[in-house]
Amino acid sequence: MAAATAPAPTVSNEKSHPDTTIRIYNTLSKVKEPFETIEPSKVGMYLCGPTVYAEAHIGHMVGPVIFDTVKRYLTYCGYEVTWVVNITDVDDKLINSAKARGISMFQLATQMTADYLSNLKSLGVDQIDHMPRATENMDEIIKFVQELVDQSFAYVSGGDVFFDVTRDPQYGRLSNRSVDAQQGEGGEAAARKRSSGDFALWKSAKPNEPSWDSPWGKGRPGWHIECSAMSRRILGKTFDIHGGGLDLVFPHHENELAQSRCCHNAPMVKYWMHNGLMRASAATGKVGGKSDRNADTTTTTANATTEPADDVAGKISRSKGAGGLAQLIEKQTGERIRFFLLKSHYRSTTLFGDEPLAEAGTALETFYRLFDRYERIAGVSAYSIEFNKRRSEFTAPEIKSDAISEVLRLRESFLAKMDDDFNTGGAVSDLFDISRCLNRLIESTGLEDSKKRTPDNVAALTAGIKILRELAAILGLFLKPCKQSSQSEGGSAEVVEGLMQLIIQIRADARTKKDFATSDLVRNGLTSLGITLQDGKDGTLWEQKKS
Ligand SMILES: [Zn+2]
C-alpha cells in the first residue's frame, strides 16, 4: 500500500448559487470587472458569427471555440446561459461571391452555412442555442431602423438610411477613437451622408440585387444593424456578454453599441469580450510589430482596439492563403485544433502553423497515454468514467492518497484561473500537472503490475481520472475518444490489447489441451518481447516491461 497518510481529500468551494468570483476583462471599461449578471443566474451571450460568402477558415473558429468554453464554464458554475451566434447571409461580399460562382446568394449562403456548422461540430462547438440569419429577421431589422429614424438618430437619404454619429456623444468609447479618427464607408454612398463617420443602416437596392421592401424603398440592411436587431429579439435590450474578435471592435461593435444604446437609451451589453486574432506563424515569423499586443494579456487589448482590422498584420484570412479547414481538421483532428486554440489566453494572439499544431498534438498525447494506462489498469475506459458536471465540492473520503490531495489542490488552481477572465492557458497547465501527478501515482504504487495492484490504489487513480475529466470537459476536451488518436497511438494500443487477448486465449486453450509446447512457445515468445503474463483467479493479465 502506498501513501495512506493523507487526510480524506475534500475541497471547500461548494456553492449553492453561481460563483461570483469570476472576473471578466471588459473592453468598454478596459479593466477586469466582477461578473454580475443582469438577471440572477441567467446569462445572455452574443457572438458575431460569420458572413457566409466562402468556406470557413481556421481564423473563423477562434471565437466559437472560446465562447463555447465560456458557456461551458458558466454552465458548470451554475448559470443558465443562452448563447446566440448570428449568420450574416446578405452582404456585398455574398452578392459578389454568388455572382462569381454563378449561383444565387441564397444558395451560396445555404452551402457556406452548412460548411461553417460542420466545422463547428468537428471542433466540439455544440453549445450554441440560437443561430439567427439576417434574411429571416428582416421585419425586426426594419423595425429597428425605423425606431432610430423616429428618434432622429438616423436619417433617410436617397433610399439609404444612415446613422448620425454626431447624435451619440458616447460614440467611440468602446474603440477609444475620437470623432476625428472615425472614417465611415466611402464610395458613392459617401455623397449622401451628412458626415463621413455616419454608417449605413439600410442600403437601397441596385438592379438585380436581392432586396426587401421597406418604408424607404427596396433595399437591404447594413451589417451592423443586423446584430443589434437580432440580439434584441432573442436576448433583450440589455444583455450580459457580447463577444467577437478584436478586429470587430471598430467599426462593427462601436456601431452596434451606438445603435442599441441610442435606440433604447440603455446600455446594450454589460461585458464586451474580445478574443485575440490568429496570425500565420510561417508567414510572419515571430510575433512582433504593430499588432503585437500579446506580452501582457491583462492589459493588452486597449491599445489594439484602436487599430482598424486591416492594420492587423499577418491576421489569418482567406487572402493570406488560409483555407481547407475541413481537410485541416481531418488531418489534425478537431480535438487537437480545439486544444491548440485554448492553450493560450483568449485575448492573446494565436500563432497558427504546422509547428504549433504539432506541439499541441504532442501535448495531447500525454493525456491519451494516461487514459490508455488507466484502461490497462482499471479494465474500463477513462472515457466511461462519470464526473461532476457542476461546480461543487469533490468529496472522496474513502480515498486517502497524497496524490489525490495534490490533484484536488490543482483542481482549485484550475478553477481559480478560469475565474480569472477565463484563463484557459493557465488552466491547461494545471491539467498537465494533474496528469503528471497521476502518472507518478501509477509509478509509485506499481499500479501497472497486477501483483502490486490494490483496490485502494485503483480507486485513487480513478478519482484522479474523474477530476481530470471534470476539468477537461469545461474546455470541451476528452469528451469522447479522439478519432485520429485511435488510429495512431491510442488505436494501436487498442489493437495491441486485442492481439494480446487473442494470444492469451490461444495459450489458455493450449494449456487446457495439455499442449504445453504451444503454451511455452507463447510465453517465451512474449518474454523475449519484454511482455510478461500473470495468471490470477480473474484471468491472465499482461504487462510490458519498460526498456
Ligand atoms: Zn455583430
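The protein folds into 17 helices and 14 strands, where helices (H or I, at least four residues) and strands (E, at least two) are DSSP runs numbered from the N terminus. This is a predicted model, in which local features need pLDDT of at least 70 and side-chain atom pairs count only at pLDDT 80 or more, while totals for chains, interfaces and linings use all residues. Residues are numbered from 1 along each chain as its sequence is written.

Of the 547 residues, 45% count as buried. Here a residue is buried if 20 or more other C-beta atoms lie within 10 Å of its own, exposed if 12 or fewer, and partly exposed in between, with C-beta atoms placed from the backbone. Among contacts with a separation of 6 or more, 75% are between residues 24 or more positions apart; two residues are in contact if their C-beta atoms, placed from the backbone, lie within 7 Å.

Now to the core. The largest nonpolar core has 132 residues, and Val145, Leu201 and Leu461 touch the most other members. Such a core is a set of buried Ala, Val, Leu, Ile, Met, Phe, Trp, Tyr and Cys residues joined through C-beta atoms within 7 Å. Helix α14 (residues 455-474) gives the largest share of this core, nine residues. Because domain 1 (37-332) and domain 2 (357-486) both give residues to this core, it lies between them; the domain bounds come from an automatic or database domain assignment. Leaving aside neighbours within four places in sequence, Val145 is in contact with Ala154, Val161, Leu201, Trp202 and Ile225.

Helix α14 also pairs with helix α13 (residues 424-445): their axes come within 10 Å and cross at roughly 170 degrees. The axes are lines fitted to C-alpha atoms, for helices over the stretch in contact, and angles run from 0 to 180 degrees between N-to-C directions. The two helices are therefore roughly antiparallel to each other, a label for angles over 145 degrees. Among the residues that meet are Leu431, Leu438 and Ile442 in α13, and Leu461, Ile465 and Leu468 in α14. By class, this contact has 12 nonpolar, four polar and no charged residues. In this scheme Ala, Val, Leu, Ile, Met, Phe, Trp, Tyr, Cys and Pro count as nonpolar, Asp, Glu, Lys and Arg as charged, and the others, Gly among them, as polar.

Two helix residues are worth a visit. Ile329 sits in helix α9 (residues 325-332) and is buried, with 22 other C-beta atoms within 10 Å. Ile329 and Ser122 are 207 residues apart in sequence, yet their C-alpha atoms are 7.3 Å apart. Not counting residues up to four places away in sequence, Ile329 touches Asn119, Ser122, Gly334 and Ile337. Gln146, in helix α4 (residues 138-150), counts as partly exposed, with 17 C-beta neighbours inside 10 Å. The C-alpha atoms of Gln146 and Leu201, 55 residues apart along the chain, are separated by 9.8 Å.

Finally, some backbone geometry. Most residues other than glycine have a negative phi, and most peptide bonds are trans. Phe250 and Pro251 are joined by a cis peptide bond, with omega about 0 degrees, and Pro251 is found in helix α6 (residues 249-264).

Methods:
Angles under 35 degrees count as roughly parallel, over 145 as roughly antiparallel, 65 to 115 as roughly perpendicular and the rest as oblique.
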